[in-house]
Amino acid sequence: MTSLDSAITSGVHLAWLAPMLCVTSFIVLALLGRILPRWTSILSLLAISGAFLIFCYVLREYFSIGSGKHEYWIDWFRVGNESLSWGMIIDELSILMLGLVTFVAMMVQIYSLGYMKEENRFTWYFAVQSLFAASMLTLVLANNLLFMYIAWELVGACSYLLIGFWYEKRSAAEAAKKAFITTRIGDVGLLIGILLIFKATGTFEISEIIHIAENGGVDSGTLTIATLLVFMGAMGKSAQFPFHIWLPDAMEGPTPVSALIHAATMVVSGVYLVARLFPLFILTPDTLLIIAIIGLITAIIASSMALVMTDLKRVLAYSTVS
């Protein structure tokens, strides 16, 4: 695996600055939020706005060097002959998600400035929003499954904090716990699936895994089981049957949080996971059939439940699931 000089010289590799800006915002607001004036919460908005501008720059540079897949990474640490890296992949899919996440998160934070202005934990709210955005951006840029899984779990932790933001209300606290526990069930399946893939291929790098699998380097039975387990993670995050039960209750969080989770971030992370690993799913027809069946059941059940809901936010939740 080699990094591409064209990606580096063009500036495409600067995509890593997008999540880094949000991480910096989180650290500052989380550590100093209590001693800083409330208006400093705008640092979170400036960070996500900067991330959106970085997306615009990366998109322009990507088109300037033509389409294709570009990877850039640094070594994290080595264990024997194996090395783990912090890396990112820049292609049409990751750029699409980079733009989607930064734009929606930016709009949500602009709205939150007015919606949450009377809250005592105003600064903490924006700190978690920054961490959430950083986690999602890292997830969509990650070029290896281990790095992606770390970001995946951070997204889940942030959703717990945001859904349970009004933890004084018992219903909000219970909704946060329900979302956290339900999605963890799927995440256990995802972790086992990642480990099975690593055992079969000897690497966490997504491009190498796909190359090995497409060339017959992974037993079909092992690949089927692994992709089914990976899909369990997607089912949890995207609230697919039977893990759909957490999303309507997640409406107990602030309305901007509901928009952030449902519109283009946490719920879409499951879709992104399947899209990123779709070359593996193509090799396993049985897994694709199960995905189709679960999708059909989820669409029918959730849309039917949306028809009889009287709470507008729950209607939107079930529509999102469907």
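# Pockets, core and rings in a predicted model

Q: Which helices and strands each supply at least two residues of the lining of the largest pocket?
A: Helix H2 (17-32), strand E1 (70-79), strand E2 (82-90), H5 and helix H6 (145-163) each supply at least two. Helices (H or I, at least four residues) and strands (E, at least two) are DSSP runs, numbered from the N terminus.

Q: Where do these coordinates and numbers come from?
A: This is a predicted model, in which local features need pLDDT of at least 70 and side-chain atom pairs count only at pLDDT 80 or more, while totals for chains, interfaces and linings use all residues. Residues are numbered from 1 along each chain as its sequence is written, and side-chain values use heavy atoms, with hydrogens and water left out.

Q: Back to the pocket. What volume does the largest pocket have?
A: The largest pocket has a volume of about 460 Å³. A pocket is an open set of points on a 1 Å grid over the protein atoms alone, with protein on both sides within 12 Å along at least five of seven lines, and lining residues have an atom within 4 Å of a point. Points are joined across faces, edges and corners, and a volume is the space filled by probe spheres set on them.

Q: Which residues lie nearest its centre?
A: Trp16, Met20, Trp86, Thr138 and Phe147 do, out of 20 lining residues of the largest pocket. H5 gives the most to this lining, with 5 residues.

Q: What lines the largest cavity?
A: The lining includes Leu196, Ile197, Ile209, Val218 and Leu280. H7, helix H8 (206-214) and helix H9 (220-237) each supply at least two residues, and H7 has the largest share of the lining, 4 residues. By class, the lining of the largest cavity has 9 nonpolar, 2 polar and no charged residues.

Q: New topic. In the largest nonpolar core, which residues touch the most other members?
A: Ile90, Phe132, Trp246 and Ile261 do, in a core of 95 residues. Helix H5 (residues 122-141) provides the largest share of this core, 14 residues. A nonpolar core is a set of buried Ala, Val, Leu, Ile, Met, Phe, Trp, Tyr and Cys residues joined through side-chain atoms within 4.5 Å.

Q: Which residues is phenylalanine 132 in contact with?
A: Leaving aside neighbours within four places in sequence, phenylalanine 132 is in contact (heavy atoms within 4.5 Å) with Val155, Cys158, Ser159, Leu162, Leu260, Ile261, Thr265 and Met266.

Q: What does threonine 183 touch?
A: Threonine 183, in helix H7, touches Gly236, Lys237, Trp246 and Met266, not counting residues up to four places away in sequence.

Q: Is threonine 183 buried or exposed?
A: Threonine 183 is buried, because its relative accessible area is 0%. Buried means under 20% relative accessible area, exposed over 50%, partly exposed in between (1.4 Å probe, protein chains only).

Q: How many aromatic pairs are there?
A: The structure holds 10 aromatic pairs. In one of them, phenylalanine 198 and phenylalanine 204 are stacked, at 4.3 Å centre to centre and 10° between the planes. Rings of Phe, Tyr and Trp (its six-membered ring) pair if their centres lie within 6.5 Å; planes under 30 degrees apart count as stacked, over 60 as edge-to-face and the rest as tilted.

Q: Why does phenylalanine 198 count as partly exposed?
A: Its relative accessibility is 26%, so phenylalanine 198 counts as partly exposed. Phenylalanine 204, at 12%, counts as buried.

Q: Which residues do ring pairs link into a cluster?
A: Phe122, Tyr125, Phe126, Phe165 and Trp166. Tryptophan 166 is in the loop between H6 and helix H7 (170-201), and counts as buried at 19% relative accessibility. Among its contacts, leaving aside neighbours within four places in sequence, are Tyr115, Arg121 and Pro254.

Q: Last one: which peptide bond is cis?
A: The bond from phenylalanine 241 to proline 242 is cis, with omega near 5°. Proline 242 is in the loop between H9 and helix H10 (246-249). Alanine 239 also lies in the loop between H9 and H10, and has a positive phi of about 55° although it is not a glycine. Most residues other than glycine have a negative phi, and most peptide bonds are trans.

Terms used: On a 1 Å grid over the protein atoms alone, a cavity is a set of points where a 1.4 Å probe fits but cannot get out, and a pocket is an open set with protein on both sides within 12 Å along at least five of seven lines; lining residues have an atom within 4 Å of a point. Ala, Val, Leu, Ile, Met, Phe, Trp, Tyr, Cys and Pro count as nonpolar, Asp, Glu, Lys and Arg as charged, and the others, Gly among them, as polar.
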